[in-house]
Amino acid sequence: MTTLTGRIAEITAPRTFTVREHRFAPPRAGQVLVKVDRVGICASDLGDWRTGPVDGDPPLRLGHEPVGTVHAIGEGVSGLRVGQVVTGRLVPSFADYVTAAPADIVVVPDEVDPAHALGEPLGCVVEGYRRARPAVGARTAVIGLGFMGLVMAQLLARSPTSRILGIDPREDARNAAVATGITEVLHPADPGLLPSSADLVVEASGTQAGMELATAMAAEHGVLSILGFHQAPSRAIDLRTWNWKALDVVNAHVRDSARLAEATRAALRLMAAGRLSVAPLLTHHFPLDRIDEAYRALDSKPHGFVKAVVTL
């Protein structure tokens, strides 16, 4: 296989991507070359987009939520074939092609629409659900109804919990929760939110206010699961209350690639079975040459925004 020419998007200055021509090498032994079809925009990358590369550093290459097809397979790779639809945490994927290790690649089932198979964030939520261990009959609450929070709310709503409460300051986010089957939604300032009223609280906002509300709502001997990505350099934690309530606090992120891949397969099986739907949550779509608009939408969250997708 010869070298391919395609596009790659790089952050070259604050809030500025530059799309340029790039030469993609054939996969080496033990590698797979994936042709990227679309990539989800993740809030964890907002900080890099806002600030850009540090002076003297090379441009930043982002993108870790792709869906694409296997384009070429290196020597020694088995279990994959050219043309298969795949996903996974493959970086950097704001490009026409991305090279990946086979262990990071997850095959998308035929029953799942590739346009909805953004595997990495779905795997993160499923792993967070596993680690939260919702008990039968548990009273649950999800604070922050962005993409991750809404996926988690769907999982909880289909589990044997007794209550699923969605909490978000944005009315359109609460409406999105209702549209996915969550029937009980409240504003964070609603007087109906009672302290110590949830056996499991999933903090999916990534904010200081969200952490404080989660701490207040968690019942004694309950579980507080931190699913939100906290980009601030520090957070004020009410450790006294955590200690007093005897909480199990779960840092619900996943770094291990094998664990993420398995959780992603589980998420896709749920989608194939019709028990998880993300189609209503993929609300904004942009071509690669308008990727800055996608990040501006994520940053400002216009009415109705849940998740932006870049299409190639």
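**Exercise 1. Helix α4 and its cover**

Task: State which elements are among those covering the buried residues of helix α4, and list the residues that are buried there.

Solution. The cover over the buried residues of α4 includes α3 and β10. This is read from a predicted model. Helix α4 spans residues 171-179, and its buried residues are Asp172, Ala173, Arg174, Ala176 and Ala177. After the helix comes Gly181, with a positive phi near 105°.

**Exercise 2. The parallel sheet**

Task: Give the strand order of the six-stranded open sheet, name its edge strands, and find the helix that packs on the sheet.

Solution. Step one is the order, which runs β10-β9-β8-β11-β12-β13, with parallel pairing.

Step two is the edges. Strands β10 (184-186) and β13 each pair on one side only, so they are the edge strands of this sheet. On average, and ignoring direction, neighbouring strands in the sheet are turned by 20° against each other.

Step three looks at one pair. Strands β8 (residues 139-143) and β9 (residues 163-167) run parallel and are paired over five bridges. Within this region, Arg139 stands opposite Arg163 in β9.

Step four is the helix. Helix α3 (residues 147-157) packs on the sheet and touches β8, β9 and β11 (198-203). The direction of α3 makes about 165° with the direction of β8.

**Exercise 3. The enclosed space**

Task: Find how many cavities of 30 Å³ or more are counted, and say which residues line the largest cavity.

Solution. The count is one cavity of 30 Å³ or more. The largest cavity holds about 30 Å³ of space. Its lining is made of Arg139, Thr140, Ala141, Arg163, Leu165, Ser197, Ala198 and Met217. Grouped by element, β8 and β9 are the ones that give two or more residues to this lining. Strand β8 has the largest share, with three residues.

**Exercise 4. The largest pocket**

Task: State how much space lies in the largest pocket and which lining residues are closest to its centre.

Solution. The largest pocket has about 1100 Å³ of space. It is lined by 48 residues, and those closest to its centre are Ala43, Ala204, Ser205, Gly228 and Phe229. At least two lining residues come from each of α1 (46-51), α2 (119-132), α3, α5, α8 and β15.

**Exercise 5. Thr215: buried or exposed?**

Task: Decide whether Thr215 is buried or exposed, then describe its surroundings.

Solution. First, locate the residue: Thr215 is in helix α5 (residues 208-217). Its relative accessibility is 6%, and the limit for buried is under 20%, so Thr215 is buried.

Next, list its partners. Apart from neighbours within four places in sequence, Thr215 contacts Leu224, Asp238, Thr241, Trp242 and Lys245. The side chains of Thr215 and Trp242 are also joined by a polar contact of 2.9 Å.

**Exercise 6. Backbone exceptions**

Task: Find where a cis peptide bond occurs, and describe the positive phi values of Ala246 and Lys301.

Solution. Start from the general rule: most residues other than glycine have a negative phi, and most peptide bonds are trans.

The cis peptide bond joins Val91 and Pro92, with omega about -10°. Pro92 sits in the loop between β5 (85-87) and β6 (97-100).

Ala246 has a positive phi near 55° and is not a glycine. It lies in the loop between α6 (239-245) and β13 (248-251). With a relative accessible area of 33%, Ala246 is partly exposed.

Lys301, also not a glycine, has a positive phi of about 50°. Its loop runs between α8 (291-300) and β15 (307-311). At 36% relative accessibility, Lys301 is partly exposed.

Methods: Residues numbered from 1 in each chain as written. Predicted model: local features only at pLDDT ≥ 70, side-chain atom pairs only at ≥ 80, totals over all residues. Heavy atoms only, no water. Helix = DSSP H or I, 4+ residues; strand = E, 2+ residues; numbered from the N terminus. Buried < 20%, exposed > 50% of the residue type's maximum accessible area, 1.4 Å probe, protein only. Polar contact = N/O pair within 3.5 Å; in protein donor to acceptor, adjacent residues only side chain to side chain. Contact = heavy atoms within 4.5 Å. Pairing = 2+ DSSP bridges. Axes fitted to C-alpha atoms, helices over the stretch in contact; angles between N-to-C directions. 1 Å grid on protein atoms, 1.4 Å probe; cavity = no way out; pocket = protein on both sides within 12 Å on 5 of 7 lines; lining within 4 Å. Points joined across faces, edges and corners; volume = space filled by probe spheres on them.
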